[in-house]
Amino acid sequence: MTAPLGIRGRVIGLALVPTAIISILLLFQLITGKIDDLDQSLRTRAVAIARQLAPAAEYGVASGNLEVLQTLLEKAAIEPDIRGVAVFAEDGTRLAQVGRGSWRQPLPKLPADRIQQNEYEDRLVYYAPITRTEVVVDDFQLLDVLAARQSGTHTRLLGWVGLEVSRSATIRSQRDAILRSLAILLVGLGTSFYLAWRIGRQITRPILALTHTVSRIGEGHFGERVEHTGQAELGMLQRGVNHMAEHLQAMQDQMQERIDQATARLIYQASHDALTGLINRSEFEQRLERTLSSAQQQGREHVLCYMDLDQFKVINDTCGHAAGDELLRQLALLLKSKLRKRDTLARLGGDEFALLLENCSIQDALEVADAFRAEVQRYRFKWGDRIFSVGMSVGVVAINRDSGTTASLLSAADAACYVAKGRGRNQIHLYEGRDHDLARHRGEMQWVTRVQRALEEHRLRLSWQEIRRTDGVPESRRHVELLLRMLDDDGSVILPMAFIPAAERYSIMPALDRWVIEETLRVCKQHLVAERQMHCLFDINLSGASLKDPEFRTMLLACLHDNPVLGPHLCFEITETAAIGNLSVVNEFIDAMRGFGCSFALDDFGSGLSSFTYLKNLKVDYLKIDGAFVRDITRNPIDRSMVEAINHIGHQMGLKTVAEYVESEETLALLRQIGVDYVQGNGVHLPEPLEILCGKL
């Protein structure tokens, strides 16, 4: 496949091809005319010679004087183109000849009144007739006779003059003319090509420069510019290309700047927390890895501090996430201002921070940690018209040659922080290998594994404990609370206070609550299908984690939507702490569940910080008084006053009160005297397996 012709070749071709065509046509016309002229000139001369010789030879032929004829022919043969000349008698006999004429013998029949021309490739042969004119006069005719006859003339043929003319000179002249014309054509074409090339080069040079520049710009070299050499349209095009290149370069510079900024932001975001500007967990773990390597290889001492805010959840849940985010930002700025240059502060997630103190002893680290803790304790957070104080629990672990991996260091620091929280919050705890509190924390971690295995192996069970009227009056339905139990590997029953704390801390409660819901609904369906005379109201405990989980709430609503008849037989117990922390969510959930006829109870009331403040905002049916006040009510007048106050407030709000942990008849009698509506506890009814309740219903 041939390459496409470039613009320069096209311009040269456009200029040269018409010129070449016109030149060739003109040359052809010129050569043709020249050849015709030469040929015609030869014929004209030959005819003229033949016409002159014929009359001149009349005397010699008529008189028979051959010498005269020979002399005449020799003079005529002087012409360069004449190859031969001869005189023939009337009968064709050759009378005289000069030259090498190739005459045909005998002569063909020739006309007597004109010159005969025979044309050959290399010669021309002419035959001119030799004639003699005779005048006839009648001497006996009288001139004066009226009927006199006119005189007349008579022509007589004597012979022919033969003339042979060579065409070689004419052919040479024609060839020379053709060669000269071709030479002129070639010179003209060469000159035209040169001029066309110069003109094409002059025209196409800026265009090719434009093409090259545009190609370079297309390849991304936006700094390319075309030299401004043209005027009019070409100049406008050159200026336009340069302007376009400048604009593209400016756009590229802007885009590159944005890309650099975006890359820098991505790099920053990949290693920093978007909310506080501190480094994130991933970057912190990398730095911790490098610090650990220096400790193990070079014997340096470093310290890791794990910090967790106290009461942060209260602020986040009561004022919203915006308030919680602002608190984290302000505390991050506060803590950053106390850092040394070589220290690293990171936000690991939520309200958890980590501090890496390089080349620092444990004693110095404890002082730094205590300074951080005290700074946070003194800080007051203002949101709207509210002012909050927060604390910070800190777990401290040394980094030395004996330290394990970064994961084990973070786990140890987290465990130490958990122990600090367990000791009353706003504390500092130093990690030690034989720490009993840490051992308890590890025990909780083991409980997490055991609970997960119990879920997988179906080793969870439900027990029930009846809630009765204080005055002993029987009701139309049995009111019971469902209690969760777990079977150990050996079949023994494990009470919830052993594994519930670990399940709550490590977010397993939604899975446990889901199992309880599914099991309760199954039993409730059996109860309704059996059409027992005594109906049953099942109290189901819901954790705060489940209330906050949208998937759990959606699942529960879907179950009741499919089985709306179960709603009036269900009562959901929520703790005061969970309700306060998720007030708007809890109320929305209560409204949705009431649509199916469900009822609600506020459990452990009185254990929180602001019970009476939030009680009026909760849409519950039952108020369960915390057993901590009920247990010693007969001996402690303050507990009695608390129970009386809670009972009175509950009745004022139209709620039914339930006293928990009723262990004796004295406690029951006092609660009856105070006016509490319901009682629950081992003194009233010992918990039994759910299968027994199913048999009684």
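I take a polar contact to be a pair of N or O atoms within 3.5 Å, where within protein one must be able to donate a hydrogen and the other to accept it, and where residues adjacent in sequence count only if both atoms are side-chain atoms. I am working on a predicted model, in which local features need pLDDT of at least 70 and side-chain atom pairs count only at pLDDT 80 or more, while totals for chains, interfaces and linings use all residues. Residues are numbered from 1 along each chain as its sequence is written, and side-chain values use heavy atoms, with hydrogens and water left out.

**Entry: H272**

I looked up H272 and found that its side chain makes a polar contact with the side chain of S271, at 2.9 Å. H272 sits in the loop between α5 (232-271) and α6 (281-298); helices (H or I, at least four residues) and strands (E, at least two) are DSSP runs, numbered from the N terminus. Apart from neighbours within four places in sequence, H272 is in contact (heavy atoms within 4.5 Å) with G277, L278, I279 and N280.

**Entry: salt bridges**

I counted a salt bridge wherever a side-chain nitrogen of Lys or Arg lies within 4 Å of a carboxyl oxygen of Asp or Glu, and the count by this rule is 31.

R450 and D488 meet in a salt bridge at 2.9 Å, N to O. Because R450 lies in helix α11 (residues 436-456) and D488 in the loop between β15 (477-487) and β16 (493-494), this pair ties together parts that are 38 residues apart in sequence.

I also noted R453 and E457, whose side chains meet in a salt bridge at 3.9 Å, N to O. Salt bridges that share partners join R453, E457, R459 and D489 into one network.

**Entry: a five-stranded sheet**

I traced an open sheet of five strands with mixed pairing, in the order β7-β8-β6-β11-β12, where two strands pair if DSSP finds at least two bridges between them. β7 (344-349) and β12 (428-430) stand at the edges, each with a single partner strand, so one side of each has no neighbour in the sheet. β7 pairs with β8 (residues 352-357) in the antiparallel sense over five bridges, and the bridge partner of T344 in β8 is L356.
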